[in-house]
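Visitor: Please show me the structure and its sequence. Then I want to ask about the labels.

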Amino acid sequence: MFAPLRERNYRIWAAADLVSVGGTWMQVLALNWLILSATGSATAMGAVVMLQALPVLLLGSWGGALADRLPARPFLIGFQALRALLALALLLPGGVLPGNWLIYAVALFSGVISSFEGPVLGRFGSALVPPSALGSALALGSVLSSAGRIGGMALGGVLIGVTGPSALFLINAVSYVAVIVALLAMRPGDMRELSAPSRADGGVVAGFRYLLGQPVILVVLALSFVLGSLGRNYQVSMAAMVAGPLGGSSGSYGLLSTVFAVGAVAGGLLLAGTGRSTLRVLLGTGFVISVLQLLSSLAPNVLGFAALILPIAAGAVIFDTVVSTRIQLDTREEMRGRVLATVGIVSSLSGIVGAPAIGWLCDTLGAREALFTAGAVTTVAAVAGGVALLRLKGRALSWPFLLGRPAEQAA
């Protein structure tokens, strides 16, 4: 489980990432409060999310191509500095830009940074540990992200009532400084050097051409999209269930959110402990969480719903982590940035498509019926994904690729 922590650079990065994630979620909390207090509109909150996601869809491919060619550490330092400046910009008086345009501008520029930063981060992270420890490193990263989210939201919830949102923006800006210090403290000589593309590589077009020639990766991405859009927008479905058939309160929703966070940490620890980031685990986990989602529509009360949310959250983290691990291990290093950019695009598209779809299903069919329908679709998708992989490989799921060997070795 803790093999990645033997690497000095990874230890430094993990500590800095925990601080940064906590600061980020404090800012999310403060920003949501600021928008709601200024507009009273959930639509305005949706617009902020959209502005952060759209640049990833439009620019992500170019960000991946640059990530494959450029040195990661100096660019990450620059990205962290830009994010700190954006956090500080939220401290400016509202008259700098009319209405809420300052918030929208910060959201848009954050999305532009994410378009380039995401692939660079993925490629940089895989250079911090040997390939054998990558699965555990990504799983531990999920645990740290969940812990940072819990800590950031809890501390932010206390501070915002005392200091208002400004202090949370300032804390987030300082958290990026901690990441910059960590990046400067790392030893470049201890990092694994990844293969770089040639000048005649072809950039974005070559990345798409490479992906089209990797049918197994395409199946994994398709599964990630379906399960991410219809089976991962639990914030919407949990709220609809609590406010509707379960007859809960705001405290009930808070309980479910806490249970979900605990499940996410448990899932990350379980995967880090086993280190089995194989396609067998991915398919099995995708099927189980889909069936559990279907069953959650039948939960008689809040506690019964929470009992199902816990393993669903654990499974969701395992599924997402295995997707990231397999895609990084089973693609050529010189293409990794472009492939990771595609993963980011699929993830953003899942959120943009999935949240409104789940909301529409809840409003049209009812919360229970929406969960049942979405769970049925994702269950069928998980089975279809398994069948597709069997046909691609022509053998049982014990075939070496499904047990974790890279594509080039298993072909």
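**Labels and their cut-offs**

Guide: Phe124 is buried, with a relative accessible area of 3%. A word on the source: this is a predicted model, where local features need pLDDT of at least 70, side-chain atom pairs count only at pLDDT 80 or more, and totals for chains, interfaces and linings use all residues. Residues are numbered from 1 along each chain as its sequence is written, and side-chain values use heavy atoms, with hydrogens and water left out.

Visitor: Why is Phe124 called buried?

Guide: Buried means under 20% relative accessible area, exposed over 50%, and partly exposed in between (1.4 Å probe, protein chains only). Phe124 has 3%, so the label is buried. Trp13 has 14% relative accessibility, so Trp13 counts as buried too.

Visitor: What makes Trp13 and Phe124 an aromatic pair?

Guide: Rings of Phe, Tyr and Trp (its six-membered ring) pair if their centres lie within 6.5 Å; planes under 30 degrees apart count as stacked, over 60 as edge-to-face and the rest as tilted. The structure holds 3 aromatic pairs. In one of them, Trp13 and Phe124 are 5.5 Å apart, centre to centre, with 70° between the planes, and the pair is edge-to-face. Trp13 is in helix 1 (residues 8-39) and Phe124 in helix 4 (residues 101-126), so the pair ties together parts 111 residues apart in sequence. Helices here are DSSP runs (H or I, at least four residues), numbered from the N terminus.

Visitor: How do you know that Trp101 and Tyr104 are edge-to-face?

Guide: Their planes are 80° apart and their centres 5.6 Å apart, which gives an edge-to-face pair. Both residues lie in helix 4, 3 residues apart, about one turn of the helix.

Visitor: Is Trp101 buried or exposed?

Guide: Trp101 has a relative accessible area of 54%, so Trp101 is exposed. Tyr104, at 19%, is buried.

Visitor: Which residues form the nonpolar patch on the surface?

Guide: Leu82, Leu85, Leu88, Leu91, Leu170 and Val174 form the patch, with about 510 Å² of accessible area together. Patch residues have over 30% relative accessible area and no salt bridge, and nonpolar side chains (Val, Leu, Ile, Met, Phe, Trp, Tyr) are joined within 5 Å, like charges within 9 Å. A salt bridge is a side-chain nitrogen of Lys or Arg within 4 Å of a carboxyl oxygen of Asp or Glu. Areas come from the Shrake-Rupley method with a 1.4 Å probe; for residues, only the protein chains shown count as cover. Helix 3 gives the most, with 3 residues. Leu85 is found in helix 3, and its 54% relative accessibility makes Leu85 exposed.

Key:
Helices (H or I, at least four residues) and strands (E, at least two) are DSSP runs, numbered from the N terminus.
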